[in-house]
Amino acid sequence: MESTSGPYLNTAAVTSPVGIARLLQMTFGCTTFSLVAHQGGFSAAYGTFCMFVWTFCFAITVFIIACEFTHLHSCLSISWGNFTAAFAMLATLMSVTAAVIYPLYFVQLDCYPIGCEVRDFRIAASVFAGLLFVVYAAEVFLTRAKPGQVTSYMATVSGLLKIVQAFVACIIFGALVNDSQHGKYVATQWCVAIYSFCFVVTVVVVAFSVTGKTALLWFPFERSVVVYTFGAVLLYVSAAVIWPVFCFDSKYGSPRRPSLCAKGRCPWDSQLVIAIFTYVNLLLYVVDLAYSQRIRFVSHL
């Protein structure tokens, strides 16, 4: 436990630009899920996901504000700077996803059949969901590592990209389980193994950084991360070649969407989503590799 000198309450936690952004996050998050719960309504897996995002982000934001305002974060055996930076990036990705999904599935311009009051509540919730994304993105912008600045690893470009890589992998997994027919060929199973391996290792890297335990490892953590990122680039290159060939080549799959394929239940659609986000993650790992050679890890900030 670190000793703290000076006032017991840290007013900068709510008066600094980052503190103000977090207060707005708390306000917009509470407003969003309150509007939905009160009258806007939600249903199915998409609506449940959106409500989870808003309530989860609200709870963690309140926890962060309370800990920083009372200095209680000094009692936690984690790297606080890495934790807040990682959460801000994760919340940004989750909130933008919810801000797109909710109006896409629940907002309509006509009052029929839900009624004008419900429609208005849903539109208002969508607006606040968009504002919530903006203020989380603002925190990422404010806390990101500046050139020459000694800061937490998760606040660097490489650290933030780790969160994005894991998030994109979750999108890939979601498409995989949605009737993607990934078990049809050994080659596509190899791609699934690549997605799973890279996701697990990326999560482990984030976990070690957030817990501040990188200095306790018997091997050089920063060098291992760079080597892993290089390996992930090579693995994703193979997946970026193999997956489209075995899904969209006429010898193994279909180059065009089947006309009789049902909307939302079409394996071809899932395969296309996986292909697109495979290239997205490949690009993220390449950028990560370029930046990871220019930083030094600081685990205790």
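At what angle do the axes of helix 2 and helix 5 cross, and within what distance do they come?

Analyst: The axes of helix 2 and helix 5 (residues 116-143) cross at roughly 160 degrees and come within 8 Å. Axes here are lines fitted to C-alpha atoms, for helices over the stretch in contact, and angles run from 0 to 180 degrees between N-to-C directions. The model is predicted: local features need pLDDT of at least 70 and side-chain atom pairs count only at pLDDT 80 or more, while totals for chains, interfaces and linings use all residues. Residues are numbered from 1 along each chain as its sequence is written, and side-chain values use heavy atoms, with hydrogens and water left out.

The crossing angle makes helix 2 roughly antiparallel to helix 5 (under 35 degrees is roughly parallel, over 145 roughly antiparallel, 65 to 115 roughly perpendicular, and the rest oblique). Helix 2 passes helix 5 in a left-handed crossing, that is, the near helix is turned anticlockwise from the far one by less than a right angle, clockwise being right-handed. The residues of this contact (heavy atoms within 4.5 Å) divide into 18 nonpolar, 8 polar and 4 charged. In that count Ala, Val, Leu, Ile, Met, Phe, Trp, Tyr, Cys and Pro are nonpolar, Asp, Glu, Lys and Arg are charged, and the others, Gly among them, are polar.

Helix 2 (residues 17-40) also packs against helix 3 (residues 44-70), at an angle of about 150 degrees and with the axes 9 Å apart. That makes helix 2 roughly antiparallel to helix 3. This crossing is left-handed too. On the side of helix 2 the contact is made by Arg22, Leu23, Gln25, Met26, Cys30, Thr32, Phe33, Val36 and Ala37. Helix 3 contributes Met51, Trp54, Thr55, Phe58, Thr61, Val62, Ile64, Ile65 and Glu68. By class, the contact of helix 2 with helix 3 has 12 nonpolar, 4 polar and 2 charged residues. Ala44 is also in helix 3. Phi of Ala44 is positive, about 60 degrees, although this residue is not a glycine. Ala44 counts as exposed because its relative accessibility is 55% (buried is under 20% relative accessible area, exposed over 50% and partly exposed in between, with a 1.4 Å probe and protein chains only).

The chain as a whole has 9 helices and 0 strands; helices are DSSP runs of H or I with at least four residues, strands are runs of E with at least two, and both are numbered from the N terminus. Of the 301 residues, 42% count as buried. The C-alpha trace spans about 70 × 60 × 25 Å along its principal axes. Among contacts between residues at least 6 apart in sequence, 78% join residues at least 24 apart.

Helix 4 comes next in the numbering. Of its 27 residues, 19 are buried, so helix 4 is mostly covered. At 1.5 Å a residue, helix 4 (residues 80-106) should span 39 Å, and the 37 Å between its end C-alpha atoms agrees; the expected span is 1.5 Å times one less than the number of residues. In the loop between helix 4 and helix 5 lies Pro113. A cis peptide bond joins Tyr112 to Pro113, with omega about 5 degrees.

Asp179 lies in the loop between helix 6 and helix 7. Its phi is near 55 degrees, a positive value in a residue other than glycine. With a relative accessible area of 41%, Asp179 is partly exposed.

The 26 residues of helix 7 (residues 186-211) should span 38 Å, and its end C-alpha atoms are 37 Å apart, which agrees. Buried residues of helix 7 include Ala187, Cys191, Ile194, Tyr195, Cys198, Val205 and Val210. Helix 4, helix 6 (157-176), helix 8 and helix 9 (267-292) are among what covers the buried residues of helix 7. Gly212 follows helix 7 and has a positive phi near 70 degrees.

Ala240 is buried at a relative accessible area of 6%, while Val245 is partly exposed at 35%. Not counting residues up to four places away in sequence, Ala240 touches Thr278, Tyr279 and Leu282. The C-alpha atoms of Ala240 and Gly174 are separated by 18 Å.
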